[in-house]
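Please look through this model with me before you read on. My notes follow the chain from its overall plan down to single residues.

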Amino acid sequence: MSDNDPAGRAVSARDSGRETAVSSEPITFHHLALHVCCAPCFLESYDYLAGLDPQPGPGAGSVLTSDGIAVQFETITAIYYNPNIGPEAEYRRRRDAFITYAGDRGFEHVVLEYDPARWIEATIDDTEFGTRCRACYDLRFEVVAAWAAEQGCDALTTTLTISPWQNQEAIALSGRAAARAAGLTWLSFDLQPLFAQSQRRARELGIYRQNYCGCVYSKVEGEQRRAHR
Ligand code: SF4
């Protein structure tokens, strides 16, 4: 059983390890809070989680967690909260790409406050890649989880895990802690096989695709990497 499932359901959400499937019937969650990092990562993540993409899931509207548990959701709300993104013009560009895509399709979505000062405060003690990323995940998931709990959500996950550039283990640790603190169930999914398709769709749809993770540090690091190629 998950150590963060307040309802005590048989969700074996051991995010750091792989376990075999233990449920035959999908576990139904009332309301999934889906943290969204950007529109390109959102495309395939949402379709998979909503059961719209039949390829990798068990079918019939349910999907597998990374532990092989079939789950399904009555409602999904996509939540954009990314105070890590800078400069502000870049934030607005990414945010607006998400709003346009989600709005055009009628997907339930919300944008939380852009509060970059809070992100700076959360990461100021150690700005090294890795350490700052953990603090970055912590803040984003804490805020989204708190908002989700107020709205009556019972599960939390993120589109960040579709990206091969993100730290999957740190995401799971941060997500699980934030979910537990808010009384939600954290769910991990193996979304990375969908990454290429999600990027391809974004390109075809003309959706803005950024070339750095989000913070100004990652912008500089990316520029340095490209300069040394
Ligand atoms: S590189 Fe990405 S995950 Fe790491 S701190 Fe910057 S924005 Fe956050």
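The points below go from confidence and layout to the core, the sheet and the ligand shell.

1. Ground rules. This is a predicted model, in which local features need pLDDT of at least 70, side-chain atom pairs count only at pLDDT 80 or more, and totals for chains, interfaces and linings use all residues. Residues are numbered from 1 along each chain as its sequence is written.

2. Confidence. pLDDT is the predictor's confidence in each residue, from 0 to 100. The protein chain has a mean of 89, and 86% of its residues reach 70 or more. Over residues 1–22, however, pLDDT is below 50. That stretch still has 47 contacts in the model beyond near neighbours in sequence. A contact means two C-beta atoms, placed from the backbone, within 7 Å. Where pLDDT is low, predicted coordinates should not be read in detail.

3. Layout. The protein chain has seven helices and six strands. Along the sequence the pattern is β-α-β-β-α-β-α-α-β-α-β-α-α. These elements are DSSP runs, numbered from the N terminus: helices are H or I with at least four residues, strands are E with at least two. Of contacts between residues at least 6 apart in sequence, 74% join residues at least 24 apart.

4. Burial. How much of the protein chain counts as buried? Of its 229 residues, 42% do. The cut-offs use C-beta atoms placed from the backbone: buried means 20 or more others within 10 Å, exposed means 12 or fewer, and partly exposed lies in between.

5. The core. The largest nonpolar core has 60 residues, and Phe 42 and Leu 156 touch the most other members. Helix 4 gives the most to this core, with 10 residues. Such a core is a set of buried Ala, Val, Leu, Ile, Met, Phe, Trp, Tyr and Cys residues joined through C-beta atoms within 7 Å. Leaving aside neighbours within four places in sequence, Phe 42 is in contact with Val 36, Ala 78, Phe 98, Tyr 101 and Thr 159.

6. Strand 1. Seven of the 10 residues of strand 1 are buried. Strand 1 pairs with strand 3 in the parallel sense over nine bridges. Four bridges join strand 1 to strand 5, also parallel. Two strands pair if DSSP finds at least two bridges between them. Leu 34 has Ala 78 as its bridge partner in strand 3, and Leu 34 stands opposite Thr 157 in strand 5.

7. A cis bond. The peptide bond from Gly 86 to Pro 87 is cis, with omega near -5°. Pro 87 sits in the loop between strand 3 (70–80) and helix 2 (88–105).

8. The ligand. Its shell is Asn 84, Arg 132, Cys 133, Cys 136, Cys 213, Gly 214, Cys 215, Tyr 217 and Ser 218. A residue is counted if its C-beta atom, placed from the backbone, lies within 6 Å of the molecule. Helix 4 (131–150) and helix 7 (216–227) each supply at least two shell residues. Helix 4 has the largest share, three. Five shell residues are nonpolar, three polar and one charged. Here Ala, Val, Leu, Ile, Met, Phe, Trp, Tyr, Cys and Pro count as nonpolar, Asp, Glu, Lys and Arg as charged, and the others, Gly among them, as polar.
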